[in-house]
Amino acid sequence: MKYKQINKQNIWAEKITRKKFFNTPCLFLDRDGVLIDWKNSLMKISEAKIIKGCEKIIKECNNKDIPVILITNQGGIGIGLHSWKDFALIQKKLLNQLLKKNTKVDGVIACAHHPYAKGNLHHLNHPCRKPNGGMFLIAKKLFNLDLKNSWMIGDKINDLKAAYSKGLKGGILVMTGYGKEEKKKLDQLPKKNFIIKTAPSLNKIKITF
Ligand SMILES: [Mg+2]
């Protein structure tokens, strides 16, 4: 199946909102392990559960007209564990559940490139695959964002490394998903010019932009 959201570089780059932004700070969220309790890429789609209370911070951002954009590695698609169709199904489930809580994310950027992928998703070090920060640049262009005042929340050190590489204001490591195992790697991040925080889960986070 062909998805119109997939661009020429094989990156899923989707604008959901109709809102217009002008050099606006953004809240970037990793998806798996942050919004969805999904740790093992061998899990079935039906097992994907939304992490409780995750809508709270999204709603706060919606109310302040701060865009919320998902930035997600989907290397499992590249290596054939699942498909873009599976990805789209989980997105639908997630977005519907958020809508029920009167909340929505403004966009989604996903990179399925992987060093072990075959065909056109094979790439040894794709600039969009976190820890590289290419997806932030795509989002900046698509939404007109101010990256230097934006935040990234993830459950892996690579989420924060990617954010640092594009000059974001800070990153928050949550203890859901892989967070507890990844916490010990936080000292791999530079201490200067990047705020680093941890939080038990997305529903415990407060951010001032
Ligand atoms: Mg994750």
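1. In which helix does Lys 92 lie? Lys 92 lies in helix α3 (residues 84-100), where helices (H or I, at least four residues) and strands (E, at least two) are DSSP runs numbered from the N terminus. Lys 92 is exposed because 10 other C-beta atoms lie within 10 Å; a residue counts as exposed with 12 or fewer such atoms, as buried with 20 or more, and as partly exposed in between, the C-beta atoms being placed from the backbone. The C-alpha atoms of Lys 92 and Asn 193, which are 101 residues apart along the chain, are separated by 36 Å.

2. Two remarks on how to read what follows. This is a predicted model, in which local features need pLDDT of at least 70 and side-chain atom pairs count only at pLDDT 80 or more, while totals for chains, interfaces and linings use all residues. Residues are numbered from 1 along each chain as its sequence is written.

3. An open sheet of 7 strands runs in the order β1-β6-β5-β2-β7-β8-β9, with mixed pairing; two strands pair if DSSP finds at least two bridges between them. At the edges are β1 (11-15) and β9 (195-199), each of which pairs on one side only. From one strand to the next the twist averages 15 degrees.

4. Strand β7 (residues 151-154) is covered on both faces, with Trp 151 and Ile 153 buried on one side and Met 152 and Gly 154 buried on the other. Strand β2 (residues 27-29) runs parallel to β7 and is joined to it by 3 bridges, with Phe 28 standing opposite Met 152. Strand β8 (residues 170-174) is also parallel to β7, joined by 4 bridges; here Trp 151 stands opposite Gly 170, and Gly 154 has Leu 173 as its bridge partner. Between β7 and β8 the chain crosses through helix α5 (residues 157-165) in a right-handed β-α-β crossover, meaning that, with the strands pointing away from the viewer, the path from the first strand over the helix to the second runs clockwise.

5. After α5 comes Gly 167, whose phi is positive, near 75 degrees.

6. Leaving aside residues up to four places away in sequence, Ala 139 touches Ile 69, Ile 71, Gly 107, Ile 109 and Leu 145, contact being C-beta atoms, placed from the backbone, within 7 Å.

7. Among the buried residues of α4 are Met 135, Phe 136, Ile 138 and Phe 143, and the buried residues of this helix pack against β1, β2, β5, β6 and α5. Asn 144, with a positive phi near 65 degrees, follows α4.

Terms used
Contact = placed C-beta atoms within 7 Å. Axes fitted to C-alpha atoms, helices over the stretch in contact; angles between N-to-C directions.
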